[in-house]
Amino acid sequence: MAALKISKKHHKHLNNPFPSTPSSLPLLRGSLFFNLQTVPSDQTFIVGKDFQVLWSTDNGGSLSISHQSHPSRPIWSTVPGQAFVSAALAETEVEESRGSFAIKDGNVHLLCNDQTVEDIRLINENDCYLEANELDFLSGNQGLDQKPYLKDTQFPILLITGWVFRKKKKKCFQNTEIHERLQLQAERSTYARYWVLFDQKTSNQIGFQVKFGKPNFEFRSRAFPTASRRFRGLKRKLRRTGRSRLGWCWSFSRPRGFVKVSSSEEEKEEKVAESIGFNRVCLTYSSEENERFYGFGEQFSHLNFKGKRIPIFVQEQGIGRGDQPISFAVNLVSYRAAGDSSTTYAPSPHYLTSTMRSLYLEGYDYSVFDLTRNDRVQIQIHGDSVQGRILHGNSPSELIERFTETIGRLPELPEWIISGAVVGMQGGTDSVRQVWEKLQAHNTPVSAFWLQDWVGHRETLIGSQLWWNWEVDTARYWGWQNLIEDLSAQHIKVMAYCNPCLAPTNEKPNRRRNLFEEAKKLDILVKDKNGDTYMVPNTAFDVGMLDLTHPDAASWFKQILQEMVDGGVRGWMADFGEGLPVDASLYSGEDPIAAHNRYPELWAQMNREFVEEWKSAHSGKAREDPEEALVFFMRAGFRNSPKWGMLFWEGDQMVSWQANDGIKSAVVGLLSSGISGYAFNHSDIGGYCAVNLPVIKYRRSEELLLRWMEVNAFTVVFRTHEVS
């Protein structure tokens with residue numbers, strides 16, 4: 001059973017210009033059952049000091065969470081009578097092409113979408129006796145004592161246990177465990193135990209965790225024992241809805257009424273599935289029909305996501321993203337390179353709603369938020385567990401504040417970068433001096449020159465591109481130190497460019513170092529499945545990518561940044577971070593699909609650590625001088641990027657008025673990213689991507705440039721960029 005298939009489309013140059021939406025699991029629905037002998041009919045449980053969880057048996061059973069300050073206003077609740085956790089084992093196919101990814105759900109081999117609730121109970125600090133599997137759940141590690149895990153827990157915590165299951169098909173079989181031949185109608189079933197934990201994290205956040213046991217496969221006899229009186233009412237209700245009689249009593253080891261069957265081909269497949277376990281987890285809960293959903297990181301096409309499916313995966317945002325005719329042309333020549341309305345450099349598994357509800361996921365697994373139904377939300381996680389937090393707040397600003405107090409906040413920016421225009425340009429020393437003279441003649445306030453081509457240019461099949469070897473090209477920028485000093489005398493900084501990739505530079509003239517070869521020799525580049533350096537396709541050339549999980553990678557790259565700063569540079573674009581291949585082999589050994597979402601955070605962390613270390617190394621006046629402060633800005637990110645970043649920009653918009661990838665999308669991106677904690681963000685004034693084909697032309701007009709300047713007058717940084 002192949003659970004993961006990866007298809008490389010880097011060199012596919014004639015494609016469907018209208019690619020279909022990647023296939024995915026439909027919204028899973030299942031029924032909820034509960035054991036009246038072990039589950040209370042209605043009860044309120046106090047979790048920690050500030051939250052309460054209400055269990056009600058009305059309408060088939062449901063959970064509701066509220067803050068003690070507003071007990072009548074639920075901040076999270078399940079759909080009555082419907083399963084709120086489910087699990088599956090499905091095949092995954094990933095199509096990858098130069099930083100663009102399409103993740104598809106394939107065949108489903110296991111599905112447990114019905115749910116029982118067997119026990120709901122509080123665990124207090126003095127509760128020393130837990131079942132072994134509950135102890136493993138609380139600790140997260142086999143055989144680990146619960147005390148270290150629970151050290152900072154705010155008691156009591158709430159634990160819900162039960163089973164998820166799925167009836168597959170009926171067949172007749174002979175029960176050989178008894179002497180007489182007894183023909184029994186049986187239903188082949190899959191079932192597994194689950195644990196759901198709620199615990200208070202802060203005074204305004206309650207955490208949740210969902211884990212599953214290994215799937216089991218049984219035949220369940222329909223020669224059921226007589227049900228107790230407490231089950232009869234539920235049985236009558238099930239008969240009225242067309243369901244078979246319940247008639248069972250569950251135990252903590254295995255549901256009764258099941259006998260093991262073996263030897264079929266299906267059993268062989270199930271043994272493989274049982275050894276793999278689940279790789280899809282779904283969490284389902286209620287939503288109001290008119291509830292509006294905002295956030296999900298930096299999103300460009302929509303502000304309200306009600307009715308949408310939102311995949312949370314870092315990748316290239318695309319060129320066009322559905323706007324025509326550019327998307328048609330780009331998709332035709334490069335597989336899915338146009339992107340779509342959901343592709344983004346910086347997604348986040350976080351939202352807040354118009355009813356003052358907010359939730360975010362922890363971890364880095366690929367996830368999909370399904371908001372296509374009016375009455376519910378379903379989060380599908382590609383993993384075997386899920387954890388996250390539910391937030392309480394009385395206003396959007398409160399919810400954002402409580403989210404960022406946990407995931408982190410951007411630091412205050414240096415005064416110099418917000419005191420004038422950051423002029424983005426290329427061309428070398430002579431060009432910079434000419435532009436500087438013109439700006440002086442018009443008394444234009446300039447805070448910095450951002451010189452992306454400081455590393456020099458190379459000619460490739462698609463035109464002139466940068467040498468990805470992070471040192472100054474002394475031919476293009478002759479007198480580099482004098483240029484920096486002259487600009488500094490006018491209180492103008494020089495900003496540069498780098499990214500976590502390195503290109504072979506054997507053919508580059510006037511280089512001092514070959515950083516690609518140095519990194520390769522140090523063994524700090526991402527590897528492929530064969531253990532060789534992974535040469536990642538990027539536009540017209542291949543590059544090596546820093547393995548940021550390697551303990552030596554960050555310290556080595558910080559030395560490169562140190563040389564850049566020692567030369568007088570005071571800021572830089574920390575580009576890319578969204579293209580880690582999903583079949584890479586990392587030093588840490590972690591799953592590359594989950595590591596893919598974490599990589600831009602590691603990239604930001606390394607840059608931020610360098611900034612703080614540089615600041616700490618300076619003492620006295622030099623340390624406090626705002627003119628000497630460093631800053632970097634980046635486009636790729638994930639949930640915790642605000643903790644490590646300093647400033648963001650929205651990537652490469654088209655030079656157009658269009659909604660999905662033009663000036664309109666830049667406004668939407670600013671709003672959505674701000675909700676998810678990206679407080680300091682901006683876009684390239686005038687856009688970046690231009691096209692000059694015989695039949696398709698995208699050119700930056702004067703009107704567009706002026707209007708974009710007006711937009712960016714309200715952003716934290718006012719930065720220009722030449723067109724591509």
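In the predicted model described here, strand 28 and strand 30 (residues 541–545) run antiparallel and are joined by two bridges. Helices (H or I, at least four residues) and strands (E, at least two) are DSSP runs, numbered from the N terminus, and two strands pair if DSSP finds at least two bridges between them. Residues are numbered from 1 along each chain as its sequence is written. As the model is a predicted one, local features need pLDDT of at least 70 and side-chain atom pairs count only at pLDDT 80 or more, while totals for chains, interfaces and linings use all residues; side-chain values use heavy atoms, with hydrogens and water left out.

Another open sheet, of four strands, has antiparallel pairing in the order 3-4-5-6. Its edges are strand 3 (42–47) and strand 6, each with a single partner strand, so that one side of each is left without a neighbour in the sheet. From one strand to the next the twist averages 20°, where axes are lines fitted to C-alpha atoms, for helices over the stretch in contact, and angles run from 0 to 180 degrees between N-to-C directions. Six bridges pair strand 4 (residues 51–56) with strand 5 (residues 62–67) in the antiparallel sense. Trp55 has Leu63 as its bridge partner in strand 5.

Strand 6 also takes part in the lining of the largest cavity. Rolling a probe the size of a water molecule over the atoms shows where empty space is left. On a 1 Å grid over the protein atoms alone, a cavity is a set of points where a 1.4 Å probe fits but cannot get out, and a pocket is an open set with protein on both sides within 12 Å along at least five of seven lines; lining residues have an atom within 4 Å of a point. Grid points are joined across faces, edges and corners, and a volume is the space filled by probe spheres set on the points. By this rule there are three cavities of 30 Å³ or more.

The largest cavity has a volume of about 70 Å³. Its lining consists of 15 residues, and Ile75, Tyr285, Ser286, Tyr351 and Arg357 are the ones nearest its centre. At least two lining residues come from each of strand 6 (74–77), strand 15 (280–286), strand 18 (347–353) and strand 19 (358–361). Strand 6 gives the largest share, three residues. Eight residues of this lining are nonpolar, five polar and two charged, where Ala, Val, Leu, Ile, Met, Phe, Trp, Tyr, Cys and Pro count as nonpolar, Asp, Glu, Lys and Arg as charged, and the others, Gly among them, as polar. The loop between strand 18 and strand 19 holds Met356, which has a positive phi of about 60° although it is not a glycine. Most residues other than glycine have a negative phi, and most peptide bonds are trans.

Cis peptide bonds join Phe155 to Pro156, with omega about -5°, and Gln324 to Pro325, with omega about 10°. Pro156 is found in strand 10 (residues 154–174), whereas Pro325 lies in the loop between strand 17 and helix 5.

The second largest pocket has a volume of about 740 Å³. Of the 33 residues that line this pocket, Thr21, Pro22, Pro311, Asp340 and Ser342 lie nearest its centre. Two or more lining residues are given by strand 8 (100–112), strand 17 (309–312) and helix 5 (326–333). Strand 8 contributes the largest share, four residues. The lining of the second largest pocket comprises 13 nonpolar, 14 polar and six charged residues.

The axes of helix 14 (residues 663–675) and helix 15 (residues 702–712) come within 11 Å and cross at roughly 10°. Helix 14 is therefore roughly parallel to helix 15, a term that applies to angles under 35 degrees, with over 145 counted as roughly antiparallel, 65 to 115 as roughly perpendicular and the rest as oblique. Ile663, Ala666 and Val667 of helix 14 and Leu704, Arg707, Trp708 and Val711 of helix 15 make the contact, which means heavy atoms within 4.5 Å. By class, the residues of this contact are six nonpolar, no polar and one charged.
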